[in-house]
Amino acid sequence: RALAHEPAALHCDVLIAPHHGSSEATTPAFLAAANPLYILSSNDRSLSRKQRVFEDEIGQHALYRTNRCGAITVTIDKNGGLSVRTFIHPEPSRR
């Protein structure tokens, strides 16, 4: 909760999702404050209820889950540009 009150300090381009991409009470505020371009989540093949809720809460943010994508590589070029490459499935989940 404390972090969500300072969005400038929390803003990020890439977020490694806490709790394996599961939703908690503070998730919507946390996501709004972080406002990431990409969200990465390490998780098992079957998603829990909280993980499915998380997917509903991310809005249009790109979500890469290891159960769909396999290995996920984020590259930052010399100009600060980001690219995401996956081992299995090239497209992120979007709601």
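Mentor: Let's start with a term: a polar contact is a pair of N or O atoms within 3.5 Å, where one must be able to donate a hydrogen and the other to accept it. Keep in mind that this is a predicted model.

Trainee: Okay, which side chain makes a polar contact with the side chain of Ser-41?

Mentor: That's Asn-43, at 3.3 Å. A polar atom of the Ser-41 side chain also lies 3.4 Å from the backbone nitrogen of Gly-21.

Trainee: And where is Ser-41 found? Is Ser-41 buried or exposed?

Mentor: Look in strand S2. Buried means under 20% relative accessible area, so Ser-41, at 2%, counts as buried. Leaving aside neighbours within four places in sequence, Ser-41 is in contact with Ala-17, His-20, Gly-21, Leu-63, Tyr-64, Arg-65 and Thr-66.

Trainee: Let's move on to helices. How do I read which way the residues of a helix point?

Mentor: Here's the general idea: an α-helix has 3.6 residues a turn, so residues three or four places apart point the same way. Now take helix H2, residues 27-34, where Thr-27, Leu-31, Ala-33 and Ala-34 are buried. They cover an arc of only 165° around the axis, which puts them on the same side of H2.

Trainee: What do the buried residues of H2 pack against?

Mentor: Their partners are helix H1 (7-10), strand S1 (14-16), strand S2 (38-41) and helix H3 (49-57). For one close-up, Ala-34 touches Leu-10, His-11 and Cys-12, not counting residues up to four places away in sequence. Just after H2, have a look at Asn-35, which takes a positive phi of about 45°.

Trainee: How many residues make up the largest nonpolar core?

Mentor: There are 11 in all, among them Leu-10, Leu-31, Ala-33, Ala-34, Phe-54 and Leu-63. H2 gives the largest share of this core, three residues. A second, separate core has five residues, including Tyr-38, Leu-40, Ala-62 and Tyr-64.

Trainee: Last topic: rings. How do I describe a pair of them?

Mentor: In general, a pair of aromatic rings is described by the distance of the centres and the angle of the planes. A search of the whole structure finds one aromatic pair. The rings of Tyr-38 and Tyr-64 have centres 6.2 Å apart and planes at 55°, so the pair is tilted.

Trainee: Which strands do Tyr-38 and Tyr-64 lie in?

Mentor: Tyr-38 is in strand S2 and Tyr-64 in strand S3 (residues 62-65), so the pair ties together parts that are 26 residues apart in sequence. Tyr-64 itself is buried, with a relative accessible area of 6%.

Note on methods. Residues numbered from 1 in each chain as written. Predicted model: local features only at pLDDT ≥ 70, side-chain atom pairs only at ≥ 80, totals over all residues. Heavy atoms only, no water. Buried < 20%, exposed > 50% of the residue type's maximum accessible area, 1.4 Å probe, protein only. Helix = DSSP H or I, 4+ residues; strand = E, 2+ residues; numbered from the N terminus. Arc of directions from axis to C-beta. Contact = heavy atoms within 4.5 Å. Core = buried A, V, L, I, M, F, W, Y, C linked by side-chain atoms within 4.5 Å. Phe/Tyr/Trp six-rings, centres within 6.5 Å; stacked < 30°, edge-to-face > 60°.
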